[in-house]
Every structure is written in structure tokens, then in C-alpha cells.
Amino acid sequence: MDDPYHNNVNQQMTEGGDYTYTQDGGGQDGYPYQTDYPPQDEDAASDATEGADEDDQMYEGEYQGIPHPDEIKEARRAARVEARRKARMAAQQEEEEESLPEQYETIMEDCGHGRFQWMLFFVLGLALMADGVDGFVVGFVLPSAEKDMCISNADKGLLGLLVYVAMMVGALVWGGLCDKMGRRKCLIYVLTIDLVFSFLSCFAQGYGFFLFLRFCSGFGIGGSIPIVYTYFTEFLQMDKRGEHLSWLCMFWMFGGLYASFTAWGIIPHYGWGFAIGTQLQMHSWRLFILVCLFPALAALIGLVFMPESPRFLLETARHDEAWMILRQVHDTNWKAKGEPERVFTVTNIKTPQTQEDEFIEIQSETGTAFQRWTVRKMTMLQQVMANVMSLSAPELRLQGLLLVIVWFCLAFSYHGLGVWFPDMIKYMQYEEYESKVRIFHRERVERFHFNFSLVNQIHREGEYIHDKFANIEIKSVKFESSLFENCYFEDIKSTNTFFENCTIKNTVFYNTDLWQEKFKNCRMENATFLHPKKGCHLNFQEENDIVIYMVSFLGSLAVLPGNIISALFMDKIGRIRIIGGSMLASSACTFLLLLSFSQGAVICWQCLFYGISVAAWNGLEVISVELYPSSKRGTAFGILNGICKFAAIIASSIFAAFIGITKIIPIFLAFAALVCGGMVALKLPETREKILS
């Protein structure tokens, strides 16, 4: 006999182990007394068990906001299911993340090293060269720009300081952004910012505007080094990384050579400048800045034809794009090697189950495009900051601290001595120049026409009556406590010339560059200034500037042997030995500076120091990109490069302060920093055979 209960009700077990009951037929076929009740939803569970009448009654706590016991059980059950699901996904993600580095390394070995890597090598090398050029631009244009814009000594120091601060901020910002936006995209932004603001700085006539434009340019180019090394690393297989990253470092040297050579060839030629109207003066140092844009422009054009890093795309779950780029790398290399028949056999690449970027969109009608853009950028900033904070994880904390110490010590000594070398040479030149100064005391010159230049002279307590100074240059001349009465100055060009405690009576200054700042504590009686020249006199024939160009050129050229040796031995003896050995050997070279008593000796020790210390830079840059995982590589390198710029700022200020006072303290500081950094470097983990994580 059929049981009507079992005919009309199906039992279903839920995932939590309980039973739900659903009725097959309508109320009239099964239980006629249920027809008085309102019909239930199709997906709702009907209570057909005994005691259903009690369950159908209104729960007395509903109006009080108290959850029903069944709702509590269901919520707990759903939470347990969700926890088990997340645990399974986490285990799967961990397994896939562990297998991704090995799989990616295998794919890069299958793609080989060939034409594609060399094309990318030259494009990124030009970007690195642009950074090297920017490091020299300010130092080369400053001697001319300070005269063109009448920049004081305090303002000169501000320019160099702000450019380094801008580079430091740029390294921090762009290093973090390239882990979220992509290596190629950020590098394009970086080069574009540098190009635009450097180009505009060529036409800046005021010092304040020039300072602002150079700051913006520095902010852009400051991010190039972290991005370039991160970008190129992810296209190299393990046994090629050390060597080819070291070869890439040579382009920074090429930037120094390019800047030195073009400055030497352009800036001294005053006649190469031109004027646009009466206000815009394009002197030769401005043309030099324009020529320095060529490496950045060439790199930007080359990047248009380069793809994004496939490793970055895999980290952001863009599997198909990464696969297409890897196939492009494979086909380009093997076709160039004469094997076009080789097929890219990879069909599936495991990617970590990362969450998509949770950009919050404002979908309401009141949300504007600007509001949505603001929310995206704020969310991006939060993600970058979270990436920065993740670098303090226990497994990264120790090696990060060691790297910070090594970066700081090497940058402090290298950039500090980089400022000390040319300043020391200038000081030696100044001392030699001062030793040849001619001193005139209590001379009386009356009704005389000075038609010859006055150079390197001091006139004390002299009297000049009815004299004429016309069409001459006054260079490094000081008049102290002298009297000028009924004199006439016309078409005067002055450099480092001052009048102190002088009396000027009935004197006319016509078309000269002698302005108020050159008269210190002077008494003026009926003095007239007619048609004063705007700006300061530009003297491009000074031997001091030519020597500085030559010193910078030789210093950059001396890096070449160290670059070649470090590239050849980076993968053979390891990064740690290269860094530690180079820094300790460089520290020994600093002591030789105590024996330098001439300009030639300083130049020789400078070249030796640069040639040895460059190996440490190469090894440090290689190990910095290999120690960190791909999702944090740009952020970590940006922080380290920012610390490098911070050390350069401190070192430049300290070392410059001791010029002309003592050379023992700068040399001791450089020696101590190199020894400390070299010893700490030996504690770093070796990454020669490490697969990129």
C-alpha cells in the first residue's frame, strides 16, 4: 500500500547534513487542508514534517530584531563552507605560486637569449643613459647658468639639492607604481616627464622657473633605474642575468661620456647661441641641455615597439597577454638563429590566483568622471603602500636591512667623493690663481684711459680721478677703500669683480654689468647708471671649466675596465664576492688621496677609485632585483635607489663643507663607509643560482 506522505514529499540532504522537504504535487492532490494557505515560492523549502504548524507561526522575537535559531545555524554552516573553500584556494594558490617561478624559468630557457633581448637591451640602455646624462647636466651648466641668471652661491647649492631630492622622490614613487601599473607603461611615463620638462628648461629665463622645471625633470628620470633593471631582469634566464645586467650598467657610463663630451664641445662656444626677440636668449649652455635630450627621446621611441614584461602580466593574472609575448620572444630569437621551424610548445602557464585590483567605481548618476578617477588613484596609492609595508615581512626584513646598509655606504662614499674630486681640483686651481695675484697699494691714476683688461688684481686705497674705463673686461679684480671721482665706465664686462668700502663721486656707468650687488659698503655721491646690462657676463673661455669637462670625461671613461671585468666574472665568482671585494679595494684607494698634492694626482686617484668601485655598483644592482619577488621587485628597488639618492644628498653637503679646510675628514668618512659596507655585503645571500621568485 502506497504511503501518501512518501508519494508527495522528497527528502533532500543539504551540504551541512540536514534534510529539507519539498512537496511534489499541489495542495489539492496531497493535503487538501493546505489549500487555505498562501502558495509558497518555487525555491522555498516547505515544512511537511510534524510540528510544521508550530514552525509556521510567527517567531516572537522577529519584531525585536533577534535572529531565528535556524538563521543562526544556517549562517554558521555557510561560514564553515566558505572557510573550507578559502583554505582549498589558499593551498592551491601556494602550490601554483611555487611552481610558477620554475615554469617561467623553463619557458625563458626555451625562448633562448637572442635578438629580442638585445633589442630590449639597447632600448633600456638608452633609458639608463638618459639617467646618466641627467646626473651631469646641472654640474656642467651651472658655471654658465649662474652668470646668465646671476645666481648666488646659496641658490647654486639649492639647485643641486632639489634635483637630487626630486630623483629620490621619483625613485620611490615610480618604483612602487611599476609593480601595479606595469614596467613598460611606467617607463614611458618617466621618460615623457623628463623630456617635456627638460625641453622647457632650455627656454626658462628666470632662475625660479628653471629650478621648478629641473625639479620636475628629476622626478621623472629618477624612476628610470628601478624600472629598467626590473624590466630587463624579467626577460633573462638565470645563467644570463648577472652578465647581461652588468653589461647594461655600462650605459650609465656612456651617459657620463656623452654629457662630458657634448658639454666640452658646445658650452665653451658662446657664438653658437642665438636670440629670439629681445627677451629670450638661447646661449650655448641651453643648446647643451637640448642635445642631452636625445638619449631619452631615442629610448622613448624604442619603447613603443617593446612589449610589457610577461612576468608582470602573469602576476596580475593576465595569462593570455603573457603567453602571446613569450611566444613573440621565442619566435624572434629562433628565427634570428636560423630555426624558424621551432614551435612555441607552451600551452598553459600556471598563474597565482591573485585577486583582481579592487578599483572602486562610482556607478551612480551623481558620480563624475573626476570622482571615479580620484577613487582609482587613491586605491592605487593604498595598494602601493600595502606593497611597501609587506617588505617588512620576517623573510624579507633581514636581507632588506643589509641591502639598505650596503646601498647607503656605497652611495655615501661614491657621491661624496664625486663632489670632492672636482671641487678639490677647482680649489687647487683657485690657490694657484691666487698665488699669482697682483696687488696695487695707494696708487693714484689721473686722466688715464684704461683700454686693456684688468685680470687677477687687488687695488687698495687707490685714487682714480677723471679716468675712463671703456670696452674692457674686468676679471677677478677687487677695489678696496678706493676713490673714484669724475670717472666714466662704458661697455664693461666683469667677472668676480667687487668694490668694497669705496667712494664713488660724479661717476657714470654706461652699458655695464656692474650692478648694486657688486658695490659692498660703498658711498655713492651723484653716481649714474645708464642702460645697465641684464644678467651677468658670460665668460666661456675660463680654463677651469674646460678642466672640469675633461675630469668628468676621464672619470666616466675609467669606469669601462671595471664594467667589463665585473660583467665577465659576475656569474663565475658570484655577486657577494664582487660587491665585498670591490668596496674593500675602493676603501684602500681612498688612502692614496692623502698623497695627492697636485691636480694630476687627484685626477689619477679619481679614475682608479671609479674603475674599482663600479664593480660594487653592478653587483649590488644585480642582487637587488634577484632577492625580491616579482610582485615587490620594483617597489624594493625604488626604495633602495631612493636611499642611494638620500645618501648622495648628505654626502654632497658634508664633503663640500671641508673643501679648503682639510681633506683628512672626507677621506676618513669615505674609507669608513666603504669598509662598513663591504663587510656587511659579505653577509648577503648569494643569488647566482636563484630562480626569480
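This is a predicted model: local features need pLDDT of at least 70, side-chain atom pairs count only at pLDDT 80 or more; totals for chains, interfaces and linings use all residues.
The protein chain has 693 residues, and 47% of them count as buried. Its secondary structure consists of 22 helices and 18 strands. Contacts can also be sorted by how far apart the partners stand in the sequence. Among those between residues at least 6 apart, 65% join residues that are at least 24 apart.

Helix α12 covers residues 294-303, and its buried residues are Pro-295, Ala-296, Ala-299, Leu-300, Gly-302 and Leu-303. Why do these residues lie on the same side of α12? They lie there because they take up an arc of only 165° around the axis. An α-helix has 3.6 residues a turn, so residues three or four places apart point the same way.

Helix α19 (residues 575-592) and helix α22 (residues 664-681) have axes that come within 8 Å and cross at roughly 160°. An angle over 145 degrees counts as roughly antiparallel, so α19 is roughly antiparallel to α22. The crossing in which α19 passes α22 is left-handed. On the α19 side, the residues making the contact include Ile-576, Ile-579, Met-583, Leu-584 and Phe-591. On the α22 side, Ile-667, Phe-671, Leu-674, Val-675 and Met-679 are among them. Sorted by class, this contact between α19 and α22 contains 13 nonpolar residues, six polar residues and no charged residues.

A second pair is formed by helix α9 (residues 224-233) and helix α21 (residues 633-657). Their axes come within 9 Å and cross at roughly 140°, which makes α9 oblique to α21. The crossing of α9 and α21 is right-handed. From α9, the residues Ile-225, Pro-226, Tyr-229 and Thr-230 meet Arg-633, Gly-634, Phe-637, Gly-638 and Asn-641 of α21. Four residues of this contact between α9 and α21 are nonpolar, four are polar and one is charged.

As α10 passes α20, the crossing is right-handed. The contact uses Arg-241, Gly-242, Leu-245, Ser-246 and Cys-249 of α10, together with Asn-618, Glu-621, Val-622, Val-625 and Glu-626 of α20. The classes in the contact of α10 with α20 are four nonpolar, three polar and three charged residues.

Individual residues show how parts of the sequence are brought together. Phe-412 belongs to helix α16, which spans residues 394-434. Is Phe-412 buried or exposed? Its relative accessibility is 9%, so Phe-412 counts as buried. Phe-412 and Lys-645 are 233 residues apart along the chain, and 8.9 Å separates their C-alpha atoms. Apart from its neighbours within four places in sequence, Phe-412 is in contact with Ala-647, Ile-650, Ala-651, Ile-654, Phe-655, Leu-669 and Ala-673.

Lys-468 lies in a strand, β10, which runs over residues 468-480. With 35% relative accessibility, Lys-468 counts as partly exposed. Its C-alpha atom is separated by 9.8 Å from that of Val-508, 40 residues apart from Lys-468 along the chain. If residues up to four places away in sequence are not counted, Lys-468 touches Phe-448, His-449, Phe-450, Tyr-488 and Glu-490.

The last two residues concern the backbone. Most residues other than glycine have a negative phi. In Glu-461, phi is positive, near 55°. Where is Glu-461 found? Its place is the loop between β8 (454-460) and β9 (463-465). Glu-461 is partly exposed, and its relative accessible area is 36%. Asn-521 is not a glycine either, and its phi is positive at about 55°. This residue, Asn-521, sits in the loop between β16 (519-520) and β17 (523-525). Asn-521 has a relative accessible area of 67%, so it is exposed.

Definitions and conventions
Residues are numbered from 1 along each chain as its sequence is written. Side-chain values use heavy atoms; hydrogens and water are left out. Buried means under 20% relative accessible area, exposed over 50%, partly exposed in between (1.4 Å probe, protein chains only). Helices (H or I, at least four residues) and strands (E, at least two) are DSSP runs, numbered from the N terminus. The arc is that of the directions from the helix axis to the C-beta atoms. Axes are lines fitted to C-alpha atoms, for helices over the stretch in contact, and angles run from 0 to 180 degrees between N-to-C directions. Angles under 35 degrees count as roughly parallel, over 145 as roughly antiparallel, 65 to 115 as roughly perpendicular and the rest as oblique. A crossing is left-handed if the near helix is turned anticlockwise from the far one by less than a right angle, and right-handed if clockwise. Contact means heavy atoms within 4.5 Å. Ala, Val, Leu, Ile, Met, Phe, Trp, Tyr, Cys and Pro count as nonpolar, Asp, Glu, Lys and Arg as charged, and the others, Gly among them, as polar.
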